[in-house]
Every structure is written in C-alpha cells, then in structure tokens.
Amino acid sequence: MAGITEHAPQAAAEPPHLAATGLGTRERAALAAELRAILPAESVLVEEEQLRPYECDGLSAYRRLPAAVVLPSTEAEVCRILATCNRLGVPVVARGAGTGLSGGALPHPGGVLLSLARFMRILELDPIARTARVQPGVRNLAVSEAAAPYGLYYAPDPSSQIACTIGGNIAENSGGVHCLKYGLTVHNVLRVRLCTIEGEVLEIGSEALDSPGYDLLALVTGSEGLLGVVTEATLKLLPNPRTARCVLAAFDSVTAAGDAVAAVIGAGIIPAGLEMMDKAATAAVEPFVNAGYPLDAEAILLCEVDGTEAEVGAEIDRVDAIMRGSGSQHIRISRDEAERLRFWSGRKAAFPAVGRISPDYYCMDGTIPRKRLAEVLAGIARLEKKYALRCANVFHAGDGNLHPLILYDANQPGELERCEAFGAEILELCIAAGGTITGEHGVGIEKIDQMCVQFPAEVLAAFHAVKHAFDPAERLNPGKAIPSLHRCAEFGRMHVHRGAERFPELPRF
Amino acid sequence: MTQGSASEFAGTSAMHNLVAHWSERIRRCAETAQPLRIRGGGSKDFYGALKQGELFATGDYSGILDYEPTELVVTARAGTPLRELEAALAAQGQMLAFEPPHFSEAATLGGAIASGLSGPRRAASGSARDFVLGIRLLDGRGQDLAFGGRVMKNVAGFDVSRLMAGAMGTLGVLLDISLKVLPRPEHELSLCLRLDSSEALRHLNAWAGKPHPISATCHEGHCLTLRLSGSAAGVDAAARQLGGERVTQAAAFWRALREHEASFFADDTPLWRISVRSTAPALPLSGRQLLEWNGALRWAKTDDDPAMVRDVARKAGGHASLFRAPRTIDSPFHPLPGAAMALHRRLKQVFDPAGILNRGRLYPDL
C-alpha cells in the first residue's frame, strides 16, 4: 500500500535517518546496551516475540517491528531515553494504548518504540479547583471514574475511551460525541510536562487559565508525537450535568436530516450530542443491538440535550418541534435513562456492528461544512459503485465530522487496495467541500499523502520548520503527520505506480 | 449569508491587491531588517512593550468573508471592526463567546485575536484561542499562508492558527480569521451577593463544580456579582437557589468591567493582570484587587515592585503582566524560563526570521 512506503526508493533524497532500513544485529545490540544503561533489563524489549505486540496500533493494516521497545516508569528515564536516541540518531515513536486509527504509533523499523504504559497514576485530583493531574498512560475513562464521586468528569470522550490514554488523546487532540458543546482535548487540558528530544522538560500551560508567551499548549496538542513526549498533564474537570434526554428522529432523506441539524443550531440550541447515521449504518446496527431504529429511514438523528431538569425539559420540547417541522415522520423522546442509553447503544455499537456484517472495515474521518453533507454523501455513493465496495456513514452532525466506514474483505485479492483508494477519494471530497482530511483521528501514516492535497508546499514547509524548532534532527515520529515535500512530489506518480508499491519491507536502492 | 454583489466583488479584488502590496512591503522590509509595527484600530496600543518600527496599518483590510449562522462559523478579515462583526452576529442571535474587550470603538478582529484577550465569559465558554478555527496570515517573509480551516474539528497539521492568538503580531500579519461562534443565551440575569473575597472564592469554586448556568463572575470590595445565562427556566431556577439581589442594568455592568471603564480601573496606579489557579486566596499585594473568572483572573491596582508581584503570581500557580501603567516598560509580560524562551526564539525564527514583525512587543528579543 502506498502509505507505508515513505522509506522506499524515493528515500534516497530523504535525510539518512528517514531512509530507515531496520538496524543490523550489531547496531541493535549497541542500542539495547545504551537503553539498558538507563532502564532495568526487563524494561528493554528486543526479541521479536516481545516486539510483536507493538507492531501496529488501531490501523492494523500497517505493521512494522521496531528495533526495540522501552517501558520507562519515570520522567527522568523518558528524558534520558530521548537524549540518548537523539545522540545516536535513532528515531523514537511514543505509544499510549495503541488505539489510534491513523497509524501514529506505528513503529519505525530502525527506531525505539517508547511505551508510556507504566505511567498509569492519577497523581492528584482537586475537586475544588476541578482539575486532575495525571500521568500520560492513564485511560481517558479512568479520569471520569475517579472524578465521579465529586460530581465531576473529563469531557472529551473518544469512542475508545475505555482503553485510550490521556497521552494519546493529547497527541491526537481527540474529540468525541460531546465536543460540539464541551470541546476537544485542546479545550480541556490546562498544562503538560513535555520532554523534548534533548531530554529537557518544558512546563507548558499552568494551573491558571492562560500562560505568558506563545500558546505552546495549542501547538503541542494534536502534534502526533512529533514535538515531544508528554510525561504529565493537568486536565480540566467539568460538573456532571444533572440530567440528559435524547431525541431519536427518522428522516426520509439525508438532506432533510441535514436541514434538521441546521434548524436545531439555527434555533440557538447547542445539543450535548448530535449524531446522524445513514440507512446502511442503521441496517448494520439494529439487528445487533435492537436500539429501536426505524429501518426504512434514509437517515436518523440522535439529539441529546443536557442540563438541569428545567433546562432539559424546555429544550427537548423545542428540539421535538424542530424535528417535526423539518419533516421527521418518526420521533421518539427518551423517557428514562435506560431508554436514553438504548438510543445511544446503536450509535456506540456502529463500528463493531459493521465489523459483524463485513470481514473488515476501514474507518475514515473527515470534516466538512455541514451544509455540504448531502453532496458529499452523494459523492460517496458514486464511489461505492466505482470501487464496488459498500460504505456505511456515521456523522458527528453537530460539528461536521464524518466517519464513513468502508466495508471490505482483506482476504480478497485487491480489496484492501480498492478500499484505500476509495478512502483517499473520500478525503479529497472532504477537501473539495471546504473541509479537512481529519477531524479527530489524526494524519499519522494513513492520510499523509492527502496532506499534500490539503496544504500547499509553503504551509507544509512551515509545519516542518515548526517541527525543527522542537526537534531539529527529526528524531520524533519521523515520516508521520507532515509529508516531506519530496514525498508530495512523488505522490502523483505513486497513484500511477500503486501496484508496484506492495512490498515495503524490501529494501530498494 | 454569502456576499457576492458587484461592489463587493470589486472590493475583493482591491483586497487581493492590498495583500499583494503588503506581501511585497514585508519582503522588502525583511531584506533591510526594517521593523514593522502592526496596527489595526490602535485600541490596544497601550498593551505590551515599547513599540518599534514603521507603522503597518491593517484597518483597510476589512469585511466579513463568510458567515453561515447554522454552521456556527464566521470568517472575517483581520481589519474588520469588532463592533461591526459583533453586530452581524447579534443580528443572527449569535456572539463571540469569549467576549473580547474592545478598549475603543476602533478595535479590530485582528487585534482581538493577536492580543488573545478574553472577557467575562471566558471561564464559562472559553478563551479567544479556543474559538480560533483557522487563520490566513503573511509571515515575516511576506508569504501568504493559511492554517487550520473553516470547520469545527480539524487535526490536520500543527495548530498554528491557535498559536497566533496572543502572539501579539510577532509571528505574522493576520489576514483572514475563522472563528467558532455560539448562540446568544436565551435569557440572562445578574445577581449581587454580599461576601468578602475569601468567602467569594470559596463559593465560586464550589459553584463551578456544580452545573449552575453561571456565565460570568466579578468580586470587588464586598460584592460578588454573578451573571446567569441560559434558558429562562434554568436561569430562574438557579437564581432562586443562589440567592442575592438582582442587579439592574446588568449589561452595562459587565460591559464596563470588560472595557475597564468600571471605577476600579479609573486611577493612574499600575494595573496588573494576574492569572492564577482559581482556588488561590486573595493575593498578598498592597492596593486593591478585583477578581473574575471564578477566581482565576485577578486584577490588581498596586505600586508594589514588579518582581514581587510576579513572585506572588508564580506562587499562586500563574503569571502576572503589567497591563496598563503610566509609563510603558520593556517587558510587561511575565518572564519565561530559559528553555521556554529559547523555544520562543526558535518559533520566531520560523515565522519571522528577520525579526521585523512587532519586534519587542511581547518580549524584548522576539
């Protein structure tokens, strides 16, 4: 596949450390010795069977073994590992739970995979200041669980929140279904400690609501492990809403559902969650979870309102009226918490349900201006025919974040390639509609070629210059997130020569 | 609201020429290391360090480019007067939820974002940088660069547009700015509770941990003023629960606070802006203090030594900047630790290698 070949023949023009062939036995042993001078022997993994669990993240179509995996347990160890790798010219890829969907934690074949799995402690939870100071390996949901006794929670709730970690959330600027109202990770992190590739620790942000100088916190959030390694974070906690109710509304066209979303927003309502699923998605989930979704609808909307009883009661009536006015023939309002959760169960099960009806699926992640939804979905329908693959669509409708799920079978020769080409065209549709190639999953290795479509060379050059301000020798997660200009120049031809790019493990000179 | 009349089209072409002209001027100035002092409406001339360089006036680059209320996104040119932008949003029942201070009728959107200042609603709704979605700018080489976009969720590339918020124009001349906007609350009312500052801080932090619809807070002297925003039912229920007296002319009160027209700000004593952890007790400084943002922002009118004010701020988990003073000084902003300053210099190098854009406005060597 095209995305994995950034160190193939064109690598000749890349800096030598990016032209990574795996390390030789002797270099590998030397690296392990350096790392064992920092960490206990059992925290440095070099045997193939030990490395295997780290070969991929949530984007499992891409797999590689690193030269070594390290499992530090203190910030000082992280700093020494980074400084050592910097000195040796060894790439470093940081990894949290490995749930990322864009290959951001895909190992570098000549590099060190730095696992933050041992940084699992919630260091401090201050219910009065409404903050949690946590280590990066703490799971997202664990923060809300720890805050629950105080009536507080951590707002960003990516679908993988049971497993994904805060460090990974910061690296990806993760969102979730509630971010229209409560913000993304960048809106909910107050401070991080960032270990630089030189092994220095920077305190970025503070316990206050702002900090002097440039907003480095914004720059670091979502930087996909290219600028430094977060070793600690202070998170903002919010009060739990007293109550929440959900409206389920069915529509006979996606356009009508899209218009209903615009009408809700236009009426001055910011729902806590506003999700759309198309017919293919509801058809996949309904038999799986029995959420009560009408199967004849072209699209369904879930609109959740939260707040005090008084607020929710008033707002839910308005949402109901708007859905009716927008032509919904079928509306249900959750009467109790069990029913509210049942409405959501289908949306939350969308990915596993799709996995149940298809041997494999590929989850895309683009954002578009909402008004272009019908047009983009029509474009996706055309691509289904072109590539002879089905696609189900789920949509964070409130903020325009579309997740097409392309169904394929990796065991059928050529299907993965067709699926990837399909996905690439969807991302290009998003760009053409005035949107972006990734709303919340990150670029990683997956969308690196589409970065060349979204951004002109001067902007990519500026991104590289920002990277160099933190990491001049490009040791941190090289080859991810920001394509080299050379790669972009190659990209056009890579489409043509796609078939020739199949064996990325083979050295080519 | 898509703008497309013939005169506006001519305007677009004029704006295109203006940007080309600016780009050329920046390129020339970079060659001779001629510093440029960027100025929109001049409403924040008092803010920051000594200004250097020849005037680079951006007020002519004005106008709303795209505004779709149902997308919750507005894009406008940096020279657009803030009041014009806010009026356009208000006409659609929406607002800039960070409530930027204007400090004069002439305030522009570009200045609001470059200064990164937020008003009373900040603790409830977020800051200027929180609402930035995309920025097009001219860097210190005159390159026309667009970062971010016009959609709500976007993680492609580094978040350079948010980096511009609060950078005081030292990294680029802002051109087009896309912001998330929010609906204006259906209903607002304000309450005054008689409390001293320690009681006020205790209550504010406790209430912030409960789902009350508090959208702004201010404590001065013995009065804690709260603004409640939301649905009529929710606001009225919270007002009954929180107690206190209704404030009449509440909108004028919050406006005067935001614009520093309240009596607290009147005299010539140096005004410090001190950003701290919200639970920090009243700061041990001479003079008077006013607090906002549930206690996370303290304004101090004090003649205390700057080093001491900064030490107090640091111990309270934050930082202090000399916001207004009879005389401008070289470094009104809180000094940065060495490693952070070195990184700032490298970022300045990235966007403005000749060091010509608003040189010295934020820190002496940026």
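Helices here are DSSP runs of H or I with at least four residues, strands are E runs of at least two, and both are numbered from the N terminus. Before going on, note that this is a predicted model, where local features need pLDDT of at least 70, side-chain atom pairs count only at pLDDT 80 or more, and totals for chains, interfaces and linings use all residues. Residues are numbered from 1 along each chain as its sequence is written, chains are lettered from A and ligands numbered from 1 in the order in which they are written, and side-chain values use heavy atoms, with hydrogens and water left out.

Now step back into α9 itself, residues 279–289 of chain A. Pick out A281(A), T282(A), A284(A), V285(A) and E286(A): they are buried, meaning under 20% relative accessible area, against over 50% for exposed and partly exposed in between (1.4 Å probe, protein chains only). What sits over them? Select β13 (273–278), β14 (299–307), α11 (337–348), α12 (350–357) and β18 (391–396) of chain A, which are among the cover.

Next, jump to Q450(A), in helix α15 (residues 448–454) of chain A. Is Q450(A) buried or exposed? At a relative accessible area of 4%, Q450(A) is buried. Show its contacts (heavy atoms within 4.5 Å): leaving aside neighbours within four places in sequence, Q450(A) touches A424(A), L427(A), E428(A), I431(A), I437(A) and F491(A).

Zoom out to the whole of chain A. You'll be looking at 17 helices and 19 strands. The radius of gyration is 23 Å, close to the 23 Å of the globule rule for 509 residues, so chain A is as compact as a globular protein of that length. That radius is taken over C-alpha atoms, and the rule is 2.2 Å times the number of residues to the power 0.38. Along the principal axes, the C-alpha atoms fill a box of roughly 70 × 55 × 40 Å. Buried residues make up 62% of the 509.

Last stop, chain B. Colour the open sheet of eight strands, in the order β13-β10-β12-β11-β15-β16-β14-β17, with antiparallel pairing. Its edges are β13 (245–246) and β17 (319–324) of chain B, each pairing on one side only; strands pair if DSSP finds at least two bridges between them. Follow β10 (residues 187–194) of chain B to β13(B): the two run antiparallel over two bridges. Finish on L191(B), whose bridge partner in β13(B) is R246(B).
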